[in-house]
Amino acid sequence: MNESISTSTGEMDTSMPGTTAPQKKSFSLSKALIWLGVAALLALLAWGLLKAGETRPEGGASAPEFTVQFFDGYEWGEKEASSLSDFRGNVVVLNFWASWCVECRIEAELLEQTWRRYRDQGVVFLGVAYVDAEAKSLAYLNEYNITYPNGPDLGSSISGAYKITGVPETFFIGKDGTVSRYVLGPVNANVLTAEIETLLAQ
Amino acid sequence: MGKPRRDMALFPLFVLLVAGILFVMPAGAQEPVSDDDVNRVAKDLFCPVCENTPLDTCPTAACQDWRDEIRTQLAVGKTDAEIQQYFVDRYGPRVLSAPPREGFNWLVWLLPVALAIAGIAFFARYLGGLRGKPGAEPADPTFTVTQGSAQAPPPAAGEDDYVSRIEKELRE
């Protein structure tokens with residue numbers, strides 16, 4: 001009889017009739033497991049919400065570190081790959097683009113012209129091709145005579161770190177490695193020049 | 001005068017060469033890659049630009065480029081798995097229709113099963129509790145795991161009071 005009760009409740013050990021201590025112990029364990037599961041689920045949910053709520057770095061936030069593997073012919077000096085930290089002390093203009101992106105074509109020539117203007121003043125332009133087929137990327141770079149360092153966003157890791165939601169997006173990174181601002185959509189000449197000048201003056 | 005004659009003499013050689021190419025090439029060439037072949041690979045891939053739209057049906061330029069890439073890779077003899085891996089390496093695992101069974105991703109596969117088991121266990125306990133309440137009918141008379149008191153022989157006179165007390169506590 002005692003055994004049948006124990007089976008039916010799943011939480012009682014009635015091997016000691018007349019006492020309730022074992023009952024309390026077993027009951028607490030099952031309760032603790034349930035609450036542990038609920039807590040783990042809530043923690044997971046909270047983590048997911050926090051991750052989903054993260055936004056692009058800006059306003060002095062530290063620029064996420066990344067390494068970009070350059071396209072052939074678009075290396076930085078002799079280096080086939082570079083990390084953002086390699087450019088510490090320089091102003092970095094980080095531009096996300098894609099060959100299939102119509103709006104990227106609006107800013108392509110401006111970016112190249114500005115790069116040529118500032119390249120000897122400690123300004124580095126870095127192009128990152130987002131979700132793009134390599135052959136198409138290279139054709140695009142060739143079409144606009146782009147010469148500044150460019151590479152694919154392998155594993156979508158760089159775009160993930162910068163939380164971009166589309167292309168083009170441009171991040172301005174100061175000499176100290178912090179993001180001063182970002183621009184959604186094609187960047188215009190006034191913003192591009194003003195931001196570079198401000199960062200160079202710091 | 002001599003030059004045209006020499007050209008004429010070379011003409012049969014040219015014809016033989018072209019004929020040879022036409023006959024030999026198809027034997028060594030790959031079968032042309034059909035749209036069905038491309039879509040067979042594309043249906044399991046998702047372009048991050050157009051979320052929730054499989055690559056085989058997505059109409060955007062980005063996805064068209066990806067399908068062209070699949071076609072190119074199939075044409076050079078890559079397997080479906082190799083092409084999928086290429087896209088994962090290049091664009092990340094989120095291009096896959098289902099997360100790979102590794103690391104933290106296991107949670108996605110195991111959590112629903114664990115929740116289902118927990119739900120069934122909870123429901124079974126709930127039914128057991130209902131059954132123990134006075135006036136409540138057993139939800140399923142064949143459900144023997146929770147039918148301890150119903151299936152068991154009647155309690156001995158000495159245990160009667162004890163069992164009643166436990167059942168009362170359980171009801172509370």
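Predicted model: local features only at pLDDT ≥ 70, side-chain atom pairs only at ≥ 80, totals over all residues.
Local features need pLDDT of at least 70 and side-chain atom pairs count only at pLDDT 80 or more, whereas totals for chains, interfaces and linings use all residues. Residues are numbered from 1 along each chain as its sequence is written, with chains lettered from A and ligands numbered from 1 in the order in which they are written.

Chain B contains 7 helices and 0 strands (DSSP runs of H or I, at least four residues, and of E, at least two, numbered from the N terminus). Of its 172 residues, 16% are buried (20 or more other C-beta atoms within 10 Å of a residue's own, placed from the backbone).

Helix H2 (residues 35–42) of chain B packs against helix H3 (residues 61–75) of chain B at about 110 degrees, with the axes 9 Å apart. H2(B) is therefore roughly perpendicular to H3(B) (65 to 115 degrees). H2(B) contributes Asp37(B), Val38(B), Val41(B) and Ala42(B) to the contact, and H3(B) contributes Arg67(B), Ile70(B), Arg71(B) and Leu74(B) (C-beta atoms, placed from the backbone, within 7 Å).

In chain A, 6 strands form an open sheet with mixed pairing, in the order S1-S8-S7-S4-S5-S6 (two strands pair if DSSP finds at least two bridges between them). Strands S1 (61–62) and S6 (150–152) of chain A are the edges, each pairing on one side only. Strand S4 (residues 91–97) of chain A runs antiparallel to strand S7 (residues 169–173) of chain A, and 5 bridges join them. Asn95(A) has Thr170(A) as its bridge partner in S7(A).

Conventions. Axes fitted to C-alpha atoms, helices over the stretch in contact; angles between N-to-C directions. Parallel < 35°, antiparallel > 145°, perpendicular 65-115°, else oblique. Contact = placed C-beta atoms within 7 Å. Buried ≥ 20, exposed ≤ 12 C-beta atoms within 10 Å, placed from the backbone.
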